[in-house]
Structure formats: structure tokens, C-alpha cells
Amino acid sequence: MLEADIKGCFDHINHDWLECNVPMDTAILRKWLKAGLIYQGQLQATEAGTPQGGIISPTLANVTLNGLERGLISHLGAKFGTAKAKKLKVHVVRYADDFVITGDSQEVLVNEVRPWIEAFLAARGLQLSEEKTRITHIDQGFDFLGWNFRKYSGKLLIKPSKKNAQAFYRKVAETISGNKTVKQEDLIRLLNPMLRGWAQYHSPVVAKQAYSRMEFLVFRRLWWWSKRRHPQKNASWVKTKYFHSVRNRQWVFAAPVVWKDSDNGLFELYQISGTVIKRHMKLKGDFNPFDPMWEQYGEKLRQDRMWESMRYRKQWATLYMSQGGFCAHCGTALTDETGWHDHHLEYRMHGGKDTLSNRVLLHPHCHQQVHAGKLVVAKPVLY
């Protein structure tokens, strides 16, 4: 694996390259890039880069690096031939300015891939960071987007990275220590979105051990928070006041409240270890959400992803009832045996909305016929 890190990506993007390659009004883009910034009361010129944190900066960074994947594969194919290039197992995975590149051997990455990447970046005013760019074997593992990828005895396991877990715990600890005097329910209200977001981000990977560890660390921090508030009380009194039993769980950090989302009058802390692990379904490598040929595939992906949402299920029930339980194409019944697909009348890539007025339910084989034959489906009207 080539773990690539671009040195100051947002600070060094070449303005001339952006003006020549970004498909927008060049004069407006130039004015925006050259506007300068005020730092400590002084106007400073901006000769390169885009403001990090700016509204359009991530888009410009993506535009700058677009073509990296296709260009590298084309380069290898032209040099070695298509068949041999495939055997090199060179693949690029990129998210904004972070990317990793696989290779069949270290020699391929060092001698063929890295020089091409450096030339590709140099044309855009960028360069790799010597300190952070490295080549590692999959058996040693590498971190990417908060996850650690590593093979254990030949089996690939993806886990939350230690660095990500440590950074998250520091954030939680700072939130707890910075709110020593707030009410318990207010502290829970601050922590729950953080805990839920972190746990759900890692829910597609091997995260149970990380969940248990994080839950223990957060519990320990909350125990210190609770004891500090009542230095004259013993541990039993503190436990009774701040920690409760909820169903079959003990020592649940919860506050007695009366409101619609409470459970038996308790507003409880989000249970990290209770987050359901659901493996990510691998997408087809050629999938392009902007290509009409992939519209049906994208619709099915969205349906499978959204099915866990109660809001989506309610939408599905509304569509089913509005169609009288029949397919919008062939007019026969939709059942558990036949299955169904959620079809957009106007394709999303053509500007179609996710509103119910733009969606109908079809049999899977009818859905395939509609896309293959580019058939027009009308919204059923019940009389």
C-alpha cells in the first residue's frame, strides 16, 4: 500500500491550473482566488491555494485531483499492456485529498506509481509529504479515514484506528470536564449525538471491541464527574443518584425526567455497545451515479440502504397504499414473494427529486424492463 499524503493541499493548489481546468466562469474564479485574506488586521495576498474551510474549497480540491485514478491506470496500460497492467493490481482509493494506492509489489509502487503521482501533482502545484507518505505491507496494516486495514493470517479485518479512537475520547473527555456543573440531562444531551455519530460511523466494520473499550472509558470519566460533584457522599449514594438499571442493563448513566423520549422516566446515555454492526455491501467498481446506465443499480442501493430507516418504511407504505398494492408497470400484485423496487419516474441524475410524487413501486423484473427499454411509467391513480 502506498499511503499518500499531500503537503498542504489546500494551501498550494496552482491558481493557473485551476483557471484553465475548472469548468466555470474564469473571471469569477480568478477574483475569488485572488481576493486575499485579512490576518491580524493586515491584508495578505493569496497567490496559491484555496481557503481551507471555504464553501467551494473541497470541490476545487476534488476537481484538482480528478483524473488521478484513470490517468494512472492508462499510464500503466500504455507502458505494460492492458493484461499485464491488471496483474500489477494497482488500484486507487481517494476521498478528497486523502488517497491510498494498492500494488502487487513494493517495486511497482516505488518505481512506477510514485514517480507518476509526483508528476501528476507537480503540474497542479502540489507535492507529496516526505514525512507522511510511506509504503506498507497489508500484513502490517495502514490507517485510512479513521479505520485500520490489516490482514491477520490472510484475513482482512477493518477496525476503528487507534488514532481515531483516541481523538474521539479526548473530545468526549473535554466535553465532560468542560461541563462540570451542568445538569445531568444537559450533559447527556451534549454527549449523545457525539457517541451516536462515532458509533454509527464505525458500524460497518469490526468495531465491537472498540465499542466496549470506548464505553468503559466514557463510563470511567462520567464516574469521576459524578463523584466530584458530591465529595462528601459515598460511592453508593453517587451510584444511586446518577446510575440506574434499565431493562437488563446495570450502571446506566441516566437522568430521571418526564418527556416523550424517556424510558421509564429515564433519559439515558447512548449505549455505544448496543449499536448494530452491519457490514458494508461492496459496490461495483465501475458504478457511476451520474451515468443513466447505472440508474437502476443506484436505485436498488438506495432502497437497501434506506430500508433500515423508519421514515423510509413509512414512505414505502404510502406508495404501496397509493398504488393499491399493484405494480405501476404491469398492474399485478406486489407481494413478499415477488419483491419490489423503488423507481424514480424522473431519474435522479436528471434532476428528479426523492419526493413521493416522483416515485413508484415496481416488480424487480418490471424495473429491469423499464430501464432496458427506456419505458415511461405513469403514476397510478386510484378511483
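**Entry 1: two helices, H5 and H7**

I began with H5 and H7, which are oblique to each other, because their angle is neither under 35 degrees (roughly parallel), nor over 145 (roughly antiparallel), nor 65 to 115 (roughly perpendicular). The axes of helix H5 (residues 68-80) and helix H7 (residues 106-122) come within 11 Å and cross at roughly 130 degrees. Axes here are lines fitted to C-alpha atoms, for helices over the stretch in contact, with angles from 0 to 180 degrees between N-to-C directions. Helices (H or I, at least four residues) and strands (E, at least two) are DSSP runs numbered from the N terminus.

I then listed who touches whom, contact being heavy atoms within 4.5 Å. H5 brings Leu68, Gly71, Leu72, His75, Leu76, Lys79 and Phe80, and H7 brings Glu112, Val113, Trp116, Ile117 and Phe120.

**Entry 2: a note on the model**

I am reading a predicted model, where local features need pLDDT of at least 70 and side-chain atom pairs count only at pLDDT 80 or more, while totals for chains, interfaces and linings use all residues. Residues are numbered from 1 along each chain as its sequence is written, and side-chain values use heavy atoms, with hydrogens and water left out.

**Entry 3: H9 and H10**

Next I looked up H9 and H10, whose axes come within 13 Å and cross at roughly 165 degrees. That makes H9 roughly antiparallel to H10. From H9, the contact takes in Gln184, Leu187, Leu191, Leu195, Trp198, Ala199 and Gln200; from H10, Ala210, Tyr211, Met214, Val218, Leu222 and Trp225.

**Entry 4: the cores**

Which residues touch the most other members of the largest nonpolar core? I found Leu191, Leu195 and Phe253, in a core of 38 residues. Such a core is a set of buried Ala, Val, Leu, Ile, Met, Phe, Trp, Tyr and Cys residues joined through side-chain atoms within 4.5 Å. Elements that each supply at least two residues include helix H8 (162-177), helix H9 (184-201), helix H10 (208-229) and strand E11 (249-256). I also noted a second, separate core of 30 residues, with Ala4, Leu29, Leu65 and Leu121 among them.

Leaving aside neighbours within four places in sequence, I saw Phe253 in contact with residues including Leu187, Leu222, Trp225 and Phe267.

**Entry 5: Leu126**

Is Leu126 buried or exposed? Leu126 has 5% relative accessibility, so I count Leu126 as buried; the cut-offs are under 20% for buried, over 50% for exposed and partly exposed in between (1.4 Å probe, protein chains only). I found Leu126 in the loop between H7 and strand E6 (134-135).
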